[in-house]
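The sequence and the model come first, and the description follows.

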Amino acid sequence: MSLNESASAIFSESPGKIALRTLARDKRSWISLSILGTIILLALFAPLYAHIIAKTDPFASTLNATITLHGKTISVLEPSTTGLGLGVTPIGPTWNIHKYFLGADGQGRDVMARLLYGSRNTLFIGTSAGLITIILSLLIGLIAGYRRGWVDAVLSRILDVIWAFPVYLLAISLSVVLLTSGLKIGFLHFGPGSMALPITIIGVVYIPYVARPIRGQVLAMREREFVRAAVGTGAKHSTIVFREILPNVMPAVLVFIPIMIALSMLTESALSFLSIGVQPPSASWGTIINDGLALLYTRPIVALAPGLMIVLTAAALNLYGDAVRDALDPKTRARGD
Amino acid sequence: MLSFVAKRFSAMIFVLVSISILVFLIFFATPGVDPAARIAGRNADQQTLMQVRASFELDKPLPARYLSMMKHLFVTQDLTSYVNRGAKVLPQLFQAIPATLSLVVGAALIWLFVGIFLGVFAASSKRKWIDPTISVLGIIGISLPVYWLGEVVNLITQSKLHNSVFKWVPALGYVSLTANPWQWFLHLLFPWLTLALLYAGIYIRVLRSEILGVMKEDYIKTERAKGASEKRILYKHATRMSLITIVSLFGLDFGALVGGSALLTEVVFGIQGVGKLTFDSLQNFDLPVIMATVMYASFFVVFMNALVDIVYAVLDPRVRRV
């Protein structure tokens, strides 16, 4: 290809289109998207599995249920035979899709059904919290970076303070308090069991991690010739921000999306694991790991299965994040990272 | 340089004061939260509540209570717990710090050693499998929930295999270094490896991409033109330059871990460190203890941040003007 042709090939396509094409050619994006797609499908099929295939209520404890397996009647919760003989040992995995595929938890609930319902909550909370972080950070970054002066000073100081507050400590403190008081945003009131609590908390604590780099970019962008030119032609502030600056910080924002969703998801499951996230009888992957803690040495699958789901989902999201980053910034690719 | 340090220091104080106010507001000023009701118990009558409020100074206005708490925490250092009346908070905190430091410092040594060693190796090697392997390691590092990994480690070392292969692994808990150094080591070995596994992958990846980035710089080309050997360029120039990034990354990670991220690891392995202390006091709303641990934690984060900035300024004079 001559120099002329390659130059025209570059200029004939928008950067967005080039990025999309690179992404579509990337093996990593297909691997991660198919993993994520499968997990989302499984989550969508949760009610179908619980009500039609396994015919079980994943939220009700069934302390003296029995099932028939290979012609024998087995109770779901057997009195414990190890240690002091206290407590119960739930039924282990039957690997039979119609009853207790992954066994039961300490309250005799079907672990598979809870796992599927749990994926809905974890995915929903992770995605909403991640997007809230991104949207608020973009807003703060644009305002602080564009207005500069005292507005920037105030916003940056606030970000500094939240940034220095250890993130898990802040999330845990907020969760403990809001679980007793509930949360009021304007006329909306969320009770202690509401998903809005972990979503809001996780969405807020990570803002400095995204808002600081975006502010930096906007600040740098404001000095660039094309923005100065727009200012010089007397363009309105809103035009400059939305038509000139926003499109140029978008690549950085897009890269953050999968990473922040993964991070939010991990945080949700950590909070739920500490029993200050999703509240029972609702399930999330974190709460199921917590349920499995007491059964770790007798029925390890209860804690292992949701953990594997978390790792798989987070890894897929991060892998996709890598692919998106490389597609949007070919320079990092050349660096061999 | 001195004015840079002074500026950084005053910013540090500002952030710490703000955090103490924020913690105080979260626990005392959130509408619907009544610490007195928490202390008095579920079915306390009105009279008991009044008594509790008077005895814990909860009937005074917020600013007065904040100042009194800060005075007891920093000046007279005799802040007492709400739950175990009379128990001083600071001795509890100082007793917990060695456990957290042991956990984090030990893990950090492992991941730094592994990370730098493998990072340099990965950057110098041209083998084909290196690239995807490093990516996978890095992704695993940021995708594994530490508490779950800890559970898996416990399952392996404390369950069925505990009677054979892992007979030498002690039960969960913490033994102080001064009491019994060997037991201290044995108790912390698996918590260290768990924590180090998460960070080592990230460090390998970052170091490698940094080294490869530096290798493209002009001054490396100059070195080559001068006839320096590839070995000398890699170790003397590229690795040394890239370690600056690792130092700053390490400062932030170390501060965050000592400052609270180690909480989950401590809870899972039953280590009585600051994180466990914080978590236990959060469960029963023991606000003086929470205030002390959060102040300690944020101090660590803020201090490490400032240290990283100053080290950076020493290494790179351009930063000082900002």
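## A salt bridge between the chains

In this predicted model, a salt bridge joins the side chains of A:Asp322 and B:Arg205, with 2.6 Å from N to O. The count of salt bridges between chain B and chain A is one. Polar contacts across the interface of the two chains number five residue pairs, both residues of each pair being at pLDDT 80 or more.

## The side of chain B that touches chain A

Several helices of chain B each supply at least two residues to the side that touches chain A, among them α6 (130-143), α8 (181-214) and α13 (287-315). The largest share, eight residues, comes from α1(B). Sorted by class, this side of chain B has 30 nonpolar, 15 polar and seven charged residues.

## Extent of the interface

The contact involves 45 residues from chain A and 52 residues from chain B. Together the two chains bury about 4100 Å², and carbon and sulfur atoms account for 73% of that area. Within chain B, the residues that lose the most area to chain A are B:Tyr147, B:Trp148 and B:Leu155, which together make up 15% of what that side buries.

## Chain A

Chain A contains 14 helices and six strands. Of its 337 residues, 48% are buried. Among contacts in chain A with a separation of 6 or more, 68% are between residues 24 or more positions apart.

The accessible surface of chain A is about 16100 Å², and 67% of this surface belongs to carbon and sulfur atoms.

Key
Residues are numbered from 1 along each chain as its sequence is written. Chains are lettered from A and ligands numbered from 1 in the order in which they are written. This is a predicted model: local features need pLDDT of at least 70, side-chain atom pairs count only at pLDDT 80 or more; totals for chains, interfaces and linings use all residues. Side-chain values use heavy atoms; hydrogens and water are left out. Helices (H or I, at least four residues) and strands (E, at least two) are DSSP runs, numbered from the N terminus. Buried means under 20% relative accessible area, exposed over 50%, partly exposed in between (1.4 Å probe, protein chains only). Contact means heavy atoms within 4.5 Å. Accessible areas come from the Shrake-Rupley method with a 1.4 Å probe; for residues, only the protein chains shown count as cover. Buried area is the accessible area (1.4 Å probe) that two parts lose on being put together, summed over both. A salt bridge is a side-chain nitrogen of Lys or Arg within 4 Å of a carboxyl oxygen of Asp or Glu. A polar contact is a pair of N or O atoms within 3.5 Å; within protein, one must be able to donate a hydrogen and the other to accept it, and residues adjacent in sequence count only if both atoms are side-chain atoms. Ala, Val, Leu, Ile, Met, Phe, Trp, Tyr, Cys and Pro count as nonpolar, Asp, Glu, Lys and Arg as charged, and the others, Gly among them, as polar.
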